[in-house]
Amino acid sequence: MFGLTTALTIFLVACLLLACFFEFINGFHDTANAVATVIYTNSMKPTAAVIYSGLLNFAGVLLGGITVAMGIVNLLPMEALVDSNPYHGIAMVMALLISAIIWNFGTWYYGIPSSSSHTIIGAILGIGLAYYFLPDSVGGAAVNWGKAKNTGLALLISPLVGFSLAIIMMYIFKRFVKNEIIYKEPIPGKKPPLWIRMLLWATCGMVSFVHGSNDGQKGVGLIMLVLIAILPSHFSLDETINLQSVNANVSTIHKIVMSTDTSQFGKDEYSNFHNIKKYKEHYDAAIVNKTFSKDIPLTERFELRKDIVKITKGAEKLLKSPNFAVSLKDASILTAQIKSAKKLIEFAPSWVIIMISISLGLGTMVGWKRIVKTVGEKIGKQHMSYAQGASAEIVASIGIGMASTYGLPVSTTHMLSSGIAGSMVAKKGLKNLQKKTIKTIALAWILTLPVTVILSGGLFLLFRAIL
């Protein structure tokens, strides 16, 4: 297979299976939230709901781009992204996936809505911190703290936004929908009126689609990490992107950076400045008389990927530096050129997207019951009404959709669970919440990052020592 040794072939298959299993468990948690309302309110049969949700998840992954997927990848240390040793990549990917699976499976088993986004990001940060303890440690540079900060804020704020907006949404429902049926608890085994079913079908579809455009992309990013780590020659570059077009982007980046005043640069700025010059020269030499990456020898493709990673990340870091004196016009041009150049290395084959969509759908079919029961019955002291379910899903779909637009990973679980909690408070105040369930969910929320950071970091160091 692709000229791999037996050992690397085994590791490749194992890592791909682990990535699919992670998405399978993600289906237990996050996609189960999307179908919770239609199943719990008898608006749709479980099998039909899962298929419906799965199709819209697939559409979300397919049409949502890969901005979130690459955002996850870019949380990793620079050293991980340009390391051509496949066994180092295997150690990273296996540590990341195993730690995420352990935490997600454990919280699902106890019916606790937990964030797959928190889990995978905690695992990535654990690997970054573990680089401190490797020989020739790169210290703080091993963690993309800027990206981690933005991601952390998105995950921290999203439940608060979901909670608050659900209260507002319930007010809007009560203001404009006077039919009392929508505010009553579902009667077991009895379908609600058609207009309520259609409303919940729509909100379930919205959450499923945006879930695919956000959470589904995390699995795509993980698969690409596996492929790039073990098969760097075959999956380093997008074969459909014109290399000379990227060269134009790189040349513009180089021209703007080289024309700036370097007198105020510190050590980091000089390092990025010289990296752009060095790797631009290498890129130019590598693509002479070549149009697409298929024209590049297999042995040289990962080096070309490294050139683009070093150039674009170096330029991004300079843009964020107060010592980088550049006009607003040039800063805007630089940002656009960086984005265009990255298209060569930020991609995902269609079969990866299909594989992740199938894994999500299968996971939902197997594991939806535990989370649906928690969402429908255990967050509030009263069972979820039709209006409460619709409010939570409308809020979740808007919040997740906006996050996907900006390439930020957010938790479907936390957006929807906090939305349900907000809708319960809107009805009878804080006393309408089940404190035990809220405490359990909050504890899982608080512990997810530290537990996965420690677990993934420890496993990474162990695997690096073994492999």
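Reply: Happy to! One thing to keep in mind is that this is a predicted model.

Me: OK, is Cys-20 buried or exposed?

Reply: Cys-20 has a relative accessible area of 14%, and under 20% means buried, so Cys-20 is buried.

Me: And which residues is Cys-20 in contact with, leaving aside its neighbours within four places in sequence?

Reply: With those neighbours left aside, Cys-20 is in contact with Met-355 and Ser-359. Take Ser-359: it sits 339 residues from Cys-20 in sequence, yet their C-alpha atoms are 5.8 Å apart in space.

Me: Nice. Zooming out, how many helices and strands are there in the protein chain?

Reply: The protein chain has 17 helices and zero strands. It has 467 residues, and 56% of them count as buried.

Me: What about contacts between residues at least 6 apart in sequence, how many of those join residues at least 24 apart?

Reply: That share is 86% in the protein chain.

Me: Where's the largest nonpolar core, and which residues have the most contacts inside it?

Reply: The largest nonpolar core has 60 residues, and Leu-96 and Phe-460 are the ones with the most contacts inside it. As for where to look, the helices that each supply at least two residues of this core include H1, H5 (86-109), H14 (350-378) and H17 (435-466). There is also another core lying apart from it, with 33 residues, among them Phe-173, Cys-204, Ala-392 and Ile-420.

Me: Back to Phe-460, which residues is it in contact with, leaving aside neighbours within four places in sequence?

Reply: Leaving those aside, Phe-460 is in contact with a group that includes His-88, Ala-91, Met-92 and Ala-95, and also Ile-127, Ala-130, Tyr-131 and Leu-134.

Me: Let's change topic to helix packing. How do H6 and H8 cross?

Reply: Helix H6 covers residues 116-130 and helix H8 covers residues 194-230; their axes come within 10 Å and cross at roughly 30 degrees. Angles under 35 degrees count as roughly parallel, so H6 and H8 are roughly parallel to each other. H6 passes H8 in a left-handed crossing.

Me: Which residues in H6 and H8 meet?

Reply: From H6 there are Ser-116, Ser-117 and Ile-120, and they meet Asp-215, Lys-218 and Leu-222 of H8. Sorted by class, this contact has two nonpolar, two polar and two charged residues.

Me: And how do H11 and H12 cross?

Reply: The axes of H11 (residues 267-286) and H12 (residues 298-320) come within 8 Å and cross at roughly 145 degrees. This crossing is left-handed. By class, the contact has 10 nonpolar, four polar and seven charged residues.

Me: Last one: what's the phi of Asn-289, and where is it found?

Reply: Asn-289 is in the loop between H11 and H12. Its phi is near 60 degrees, a positive value in a residue other than glycine. Most residues other than glycine have a negative phi. Asn-289 has a relative accessible area of 78%, and over 50% means exposed, so Asn-289 is exposed.

Me: What about Asn-42?

Reply: Asn-42 has a positive phi too, of about 65 degrees, although it is not a glycine. You'll find Asn-42 in the loop between H1 and helix H2 (46-63). At 21% relative accessibility, Asn-42 counts as partly exposed.

Methods: Residues are numbered from 1 along each chain as its sequence is written. This is a predicted model: local features need pLDDT of at least 70, side-chain atom pairs count only at pLDDT 80 or more; totals for chains, interfaces and linings use all residues. Side-chain values use heavy atoms; hydrogens and water are left out. Axes are lines fitted to C-alpha atoms, for helices over the stretch in contact, and angles run from 0 to 180 degrees between N-to-C directions. Helices (H or I, at least four residues) and strands (E, at least two) are DSSP runs, numbered from the N terminus. Angles under 35 degrees count as roughly parallel, over 145 as roughly antiparallel, 65 to 115 as roughly perpendicular and the rest as oblique. A crossing is left-handed if the near helix is turned anticlockwise from the far one by less than a right angle, and right-handed if clockwise. Contact means heavy atoms within 4.5 Å. Ala, Val, Leu, Ile, Met, Phe, Trp, Tyr, Cys and Pro count as nonpolar, Asp, Glu, Lys and Arg as charged, and the others, Gly among them, as polar. Buried means under 20% relative accessible area, exposed over 50%, partly exposed in between (1.4 Å probe, protein chains only). A nonpolar core is a set of buried Ala, Val, Leu, Ile, Met, Phe, Trp, Tyr and Cys residues joined through side-chain atoms within 4.5 Å.
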